[in-house]
Amino acid sequence: MTLPPVPDLRTVQLDLVEAQIKTLLVRFEGSAISDKEFWEMQFDLGLAWVGFPLGFGGLGVSPSLQEHIGNRLREAEAPSNFLRNPIGIGMGAPTVLVHASADLAKRLLKPIFTCDEIWCQLFSEPGAGSDVASVRTSAVRDGDEWIINGQKVWTTLAHVSKWGMLLTRTDITVSKHAGMTYFILDMESPGVEIRPLRQMTGDAEFNEVYFTDVRIPDSHRLGNVGDGWATALTTLMNERVSLGGTTAERESGPIGDAVRIWKELNSRLPHDRDRLAQLWIEAEVSRLTNIRASQMRMAGTPGPEGSVGKLISAELNKKIYEFCINLLGPQAMTYASYEMKRPGSIKIEREDGSFDVSKAFLRSRANSIEGGTSEIMKNILGERVLGLPREPRSDHNIAFSQLAKS
Ligand SMILES: Cc1cc2nc3c(=O)[nH]c(=O)nc-3n(C[C@H](O)[C@H](O)[C@H](O)COP(=O)(O)OP(=O)(O)OC[C@H]3O[C@@H](n4cnc5c(N)ncnc54)[C@H](O)[C@@H]3O)c2cc1C
């Protein structure tokens, strides 16, 4: 008797995911449901973060299958939540899954996915950006609570956030990487003050955040006291993937904008066509590299290779929108409105949904700064992927209190 061939694990997992997608889409297509109801169902069916365990928004299968879900839901024109809560979905959720207790994770994950609770990242300070391990915001223990004092800066979406991922200094007598502790902060706590910072787009997407005797319960600590750097690395590795490692459809995003503008202008100049073709090829190589990286990615925190996608997409976005502005010529010099806005999500579109290329051009300049600058990405790739010698460090094994203030 010959036994039927055993299907490989990926096929079994794909069949399971596909069955869940069909259930979701039958409910979506059969009735008029709100975006929130859709995301609730997506979470309950384990299609929010497919690599997460059952009951936590996942099915415990390979995270690489998330791309398949994304493609299927896009085809069905299902609502997408990512730009509404990018920091919560891309960085908060994976950090919570790895470092929070099961009870706390259960409490936090679903409202992240349904966008009922928006998240922000409270890492950067005036003296701690690229070198985020230099944070000075202090956390001092007081019984079952911690008292927070200090300042953060460039905090995207803090003004609409319920929760913040907060990196603090808890010990100045040890070296800088050893003396940090990580919390999640309820942004509605007394003593939290949020002030807008205006960008060159005119919007104030990010903020300064001040803490004056803010209290956080110890149960909202993620990781051990003094282990904040390890928890922060989980957030940062996921941030790079979330900013540069997504696998969109061919000719979508910035390169899609460029092709559309080129067609609309009916440009016949060979130089424009050659430049567009070159950018298109680079965008496609970047997209295919991201697909390969996501298929190789197993469960767990992404590695330093996430920096490749972040570096390439940041530099490419700037080149693409520069090309668009050159194509459009003087008409790209007009700017619709310079009135300060406080956007509730990260979107380039105007309020009426139309696309604003001048704004996209200005906003793209931030791509090579946010989530770590391109220089820092190159350092990470050089040291951790290519194995080149490390940068000299003058702060190694020196107590934080002995370091010069930057
Ligand atoms: C749009 C936007 C959104 C942001 N959102 C958030 C947020 O939500 N939360 C948050 O915590 N932060 C956020 N940031 C802050 C961001 O992470 C920092 O701006 C970034 O890490 C750089 O830090 P810095 O601005 O202090 O510059 P610095 O670190 O002072 O760097 C200045 C320059 O020196 C270079 N440089 C520094 N160190 C090195 C080195 N070792 N080798 C080579 N070159 C080096 C840098 O590349 C840069 O060109 C955001 C920034 C932007 C632009």
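Q: Hi! How far is the sulfur of Cys120 from the closest cysteine sulfur?
A: The closest one belongs to Cys115, and it is 15 Å away, too far for a bond. Keep in mind that this is a predicted model, where local features need pLDDT of at least 70, side-chain atom pairs count only at pLDDT 80 or more, and totals for chains, interfaces and linings use all residues. Residues are numbered from 1 along each chain as its sequence is written, and side-chain values use heavy atoms, with hydrogens and water left out.

Q: Is Cys120 buried or exposed?
A: Cys120 is buried, at 0% relative accessible area. Buried means under 20%, exposed means over 50%, and partly exposed is in between, using a 1.4 Å probe and protein chains only.

Q: And Cys115, buried or exposed?
A: Cys115 counts as buried too, with 8% relative accessibility.

Q: Where does Cys115 lie?
A: Cys115 is in the loop between helix H5 (102-113) and strand E1 (119-122). Helices (H or I, at least four residues) and strands (E, at least two) are DSSP runs, numbered from the N terminus. Its phi is near 65°, a positive value in a residue other than glycine.

Q: Why point that out?
A: Because most residues other than glycine have a negative phi. Glu77 is another non-glycine residue with a positive phi, of about 55°. Glu77 sits in the loop between helix H3 (66-75) and helix H4 (86-99), and Glu77 is exposed, at 69% relative accessible area.

Q: New topic: which residues come nearest to the ligand?
A: Of the 19 residues around the ligand, those are Ser130, Trp154, Thr156, Thr373 and Glu375. "Near" means that a heavy atom of the residue lies within 4 Å.

Q: Which polar side-chain atom lies 2.6 Å from an oxygen atom of the ligand?
A: One from Glu375. Thr156 has a polar side-chain atom 2.7 Å from a ligand nitrogen atom, and for Ser124 a side-chain N or O atom is 2.7 Å from a nitrogen atom of the ligand.

Q: How much of the ligand does the protein bury?
A: The protein buries 69% of the 980 Å² that the ligand exposes when taken alone. These accessible areas come from the Shrake-Rupley method with a 1.4 Å probe.

Q: Which helix gives the largest share of the shell around the ligand?
A: Helix H11 (residues 374-385), with three residues.

Notes: Polar contact = N/O pair within 3.5 Å; in protein donor to acceptor, adjacent residues only side chain to side chain. Disulfide = S-S within 2.5 Å.
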